[in-house]
Amino acid sequence: MAEALLEMRGITKTFPGVKALDNVNLTVQEGEIHAIVGENGAGKSTLMNVLSGIYPYGSYEGDIVYEGQECRFLNIKDSERLGIVIIHQELALVPYLSIGENMFLGNEQTGFGGINWDLTYQKASEHMLEVGLEENPRTLIKDIGVGKQQLVEIAKALTKNVKLLILDEPTSALNDEDSLNLLNLLKKFREERGITCIMISHKLNEIAYVADKITILRDGSTIETLDNTHGKVPEPRIIKGMVGREMVDRFPKRVPDIGEKLLEIENWTVFHPLYTERKLVDNVSVNVRRGEVVGIAGLIGAGRTELCQSVFGRVYGAKISGTVKKAGQELVLGSAADAIAHGFAYITEDRKGDGLVLSNSVTHNITLSRLELVSSKGVIDKDRERHAAEDYREKLSIRTPDVEQLVSNLSGGNQQKVLVGKWMFAQPDIMMLDEPTRGVDVGAKYEIYGIINQLVSEGKAVLMISSELPELLGMCDRIYVMADGRIVGELPRAEASQEIIMGMIMQASKGAQTT
Amino acid sequence: MSNLKTSFSKNLKQFVMLITLMVIIIFFQVLTKGTLLKPMNVFNLINQNAYVVVLAVGMLMCILTGGNVDLSVGSVVAFVGACAGTMMITWKWDPYLSTFLCLLAGIVIGAWHGFWISYVNIPAFIVTLSGQLIFRGLTLIVLKGLTLSPFPKAFMNLSTGAIGNFMLEINPAALLIFTVIISLAVFFLQLKSFYHEEDEKFMKSLLAALLISFAASLAVFATIHYDVVTHITRFLLGTELRNVSSLVIGLLLAAGVIFIEIKRRADRKRKGYSYDSLEATLIRALVIAAGIIYFFYLLANYTGAPVVLITVGIVLLVYSYIASKTVMGRHLYAVGGNEKAARLSGVKTEKIKFLAYVNMSFLAAVAGLIFSARLQSASPQAGNGFELDAIGACYIGGASAYGGIGTVGGTLIGALIMGVLNNGMSIMGISIDMQQVVKGLVLLAAVAFDVISKQKISFPFLTRIFHRRTSAG
């Protein structure tokens, strides 16, 4: 048996309020391709960021032993010096520099008195040959496709004498042909140069094709490591490992009281705001009834957030087409203000980035979206505003010494409650919740579920995006499954299970692979 | 005690600013051997810095929207001055009409900037840099490179000279206006202090307003009729003041500050909000009141309070009201604090930015009029570098360079710090070159203090050295 190249022992990483990694162990042998799988938020990317020094030594607990030596990386340069190179899902290339310049960025080939361009491009060509990239090294990155850009990243890794290559969802943006090329390239490197590879992926067929070992992460813990060298590990086995979670009574009970259709989205299509050729939401039709909680399951990038944000006053996307009806009435929502005025609310998945104004107080955040409710002729009535804030603080048990406290001083769970309170204050009929419990501890989750139940019992319609399948199964009356911008399934609660939903998603990505 | 603590940490920045201002004043008072606070110098200080305060308030609104600044204000000041000069001096138009047209010109200029910034999405830095060149150029074209003077007297009265000694005799009209203002103020303050559901709040407030305003008018009448202030000052100081009215204005303002501070605290306590301790409230109120009285006492020793204080006072009041009490103000802070979140909350972010720039140029026009009235001429080089004074005042006054944080009060303190620095160093005979060095360092120090106190800055290279040492040893 080969020497273990890398051993990560007892890695624990905590973010404020959340344990992202809990005592994770990972052993990678020299010269193997090691796949890491798990649901969104299972801790895969966090683990790789710990390994590559993006989260520096001291910000996590546990040991990293690489080539028999304990390592304490303080930044990414430290790990690269030892031949550990990470390629992120979002490629880190500068679009207006050439292939060669990108490959040696931060590692410039200097000669006497500056950069030696001849050497740069000569070396670049050599490495490009190794990865099978047939382009002029002076071509600008923006002029080549995503597949080739991925190859440039790998060629760039080669310039750093890579021994351990980490790829975070390398094929998520690639078509089948490019994906296959990439996987074959990894195999070739393993055979010819003994490069070890850690690959994060959701595409189980790719993993089965290329991986020697498969480690499954779930909720920040290692579940098991499967050996894929002798015979293929069956896919259901992996899926079970990924989702197999105990379903204790984590959800408050609710007796569904479902009325008429309140929200109908029909033939909704959205393109990327910058790359207007990329279709993000593809002819989606969804409806939600009064008093109903409807879930949308899917992986990151399936188009769920884009769907909700484009419906919510077209705040995201380009070339949007399709119709939105509320209670049978067709609406044209041109801005977030329009959507709010028509009783829509969208609770973002990114509370710090898109949801809250952190430098403002709890009160100011809660009332921001409907200030007209506490003001007359453009002048805010501070007492009424204060009353409203106190009201929601009590209803949602937001733990803060004072509603004048700045939101930035609150814990993640309480910030999330402020965000929910803000949109409850807006008195919507239709609430679109995007990952409403992300980064929130178990207790606060339960409280938020209770709030959701309360909302639908008042006759509101709730559309809920979540990457946590148990949450969808526990909360929703009906679940849509989305993959690659399309609805690939619709299940009533009684028929839904984690295995079925995961199966649908995997089936869809595989479909995209073969067609 | 915990209440005191929360309020103190919340107001820490403002306290520090205020203390810094006082330290700087005392510092220059000593170094200039008492010249800084001589009545005549205080009078000049105000006239010299009035335009900075007006510009800084406008700049604050821009900075709040996300750390954007307006580099064109110096040129707009010059351009508006040039327009005023051409209308009033060359064409001999009516001063009031000309003033109105100049303010209108400011709004149009602001709309021009705002259009490119918020609807075409060109960075504010570039648009206003272009504005700086455009309006400086237009100034030279309008003035043909020459300086126009003098302005008609009616125009100069708007912003130069002192408020006269109105306390010499009783003016029935003025007394009536005074009574009405006092009663309105009391009425609204009283009304606000009630809960919504309370009965008879209108009657109660009205009664309070009538009683207090009647008492106040009676007091004023008696004071003037028997010349009380003169008697008192003669008794206390042994001398007579040149302009007793100034001192009276100061006393009234000080009384107002103390009254409002105490009333606010009482209201908050009654409504169950967090409130400052009585000591903290009183100390703050008394310090501010003492400062105001001393300030107006100094002015009373000279020709009296400058007329321009009225304009500046109105600007400060109106904009602190907008910033803290209106939907518009709240949206400004939200856009600067988190533009995406604001947009997703239905805030029309483009409109807010647009208005911030329209307002900036409007206030630049106001400043331009004040400035040319003080210089009594329209000069092609007027307003050079004013934008930097205004921006500096905002940042020294605690505005965040990333937007969303800053107050009108802080900006006023920032502008005063800049003004005292300028004036103090000039009296000491420090060269302009050196003055700029000092001002630059003060600006950097103020912002550095802000940044460091707000976030725990980590110095990765220090950590690295530290770790190297431990692993080596």
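Which residues have the most contacts inside the largest nonpolar core? They are Val54(B), Leu55(B), Ala56(B) and Met59(B), and the core has 262 residues. A nonpolar core here is a set of buried Ala, Val, Leu, Ile, Met, Phe, Trp, Tyr and Cys residues joined through C-beta atoms within 7 Å. A residue is buried if 20 or more other C-beta atoms lie within 10 Å of its own, exposed if 12 or fewer, and partly exposed in between, with C-beta atoms placed from the backbone. In soluble globular proteins, nonpolar side chains tend to be buried together.

The model is predicted: local features need pLDDT of at least 70, side-chain atom pairs count only at pLDDT 80 or more, and totals for chains, interfaces and linings use all residues. Residues are numbered from 1 along each chain as its sequence is written, while chains are lettered from A and ligands numbered from 1 in the order in which they are written.

Chain A has 17 helices and 24 strands. Helices (H or I, at least four residues) and strands (E, at least two) are DSSP runs, numbered from the N terminus. The radius of gyration of chain A is 25 Å, close to the 24 Å that the globule rule gives for 515 residues, so chain A is as compact as a globular protein of that length. The radius is taken over C-alpha atoms, and the rule is 2.2 Å times the number of residues to the power 0.38. The C-alpha atoms of chain A fill a box of roughly 70 × 55 × 45 Å along the principal axes. Of the 515 residues in chain A, 48% are buried. Two residues are in contact if their C-beta atoms, placed from the backbone, lie within 7 Å. Among contacts in chain A between residues at least 6 apart in sequence, 70% join residues at least 24 apart.

Chain B has 19 helices and zero strands. The C-alpha trace of chain B spans about 80 × 65 × 50 Å along its principal axes. Buried residues account for 40% of the 473 residues in chain B. For contacts in chain B between residues at least 6 apart in sequence, the share that joins residues at least 24 apart is 78%.

Where the chains meet, 28 residues of chain A are in contact with 26 residues of chain B. On the side of chain A, the elements that give two or more residues are helix H10 (336–341), helix H11 (351–355), strand E20 (379–380) and helix H13 (382–395). That side has 13 nonpolar, nine polar and six charged residues. Ala, Val, Leu, Ile, Met, Phe, Trp, Tyr, Cys and Pro count as nonpolar, Asp, Glu, Lys and Arg as charged, and the others, Gly among them, as polar.

Two residues of chain A have a positive phi without being glycine. Asp219(A), with phi near 50°, is in the loop between strand E11 (213–218) and strand E12 (221–227). Asp219(A) is partly exposed because it has 16 C-beta neighbours inside 10 Å. Ser397(A), with phi near 35°, lies in the loop between H13 and helix H14 (412–425) of chain A. Ser397(A) has 12 other C-beta atoms within 10 Å and so is exposed.

Back in the core, helix H15 (residues 349–375) of chain B gives the most to it, with 17 residues. Neighbours within four places in sequence aside, Val54(B) is in contact with Val312(B), Val315(B), Leu363(B), Val366(B), Ala367(B) and Ile370(B).

Helix H12 (residues 308–325) and helix H17 (residues 408–427) of chain B have axes that come within 9 Å and cross at roughly 140°. H12(B) is therefore oblique to H17(B). Leu316(B), Tyr319(B), Ser320(B) and Ala323(B) of H12(B) make the contact with Val408(B), Gly409(B) and Leu412(B) of H17(B).

Ten of the eleven residues of helix H16 (residues 386–396) of chain B are buried, so H16(B) is largely enclosed by the rest of the structure. Just after H16(B), Gly398(B) takes a positive phi of about 95°. Elsewhere in chain B, a cis peptide bond with omega of about -5° joins Ser149(B) and Pro150(B). Pro150(B) is in the loop between helix H5 (124–143) and helix H6 (153–156).

Note on methods
Axes are lines fitted to C-alpha atoms, for helices over the stretch in contact, and angles run from 0 to 180 degrees between N-to-C directions. Angles under 35 degrees count as roughly parallel, over 145 as roughly antiparallel, 65 to 115 as roughly perpendicular and the rest as oblique.
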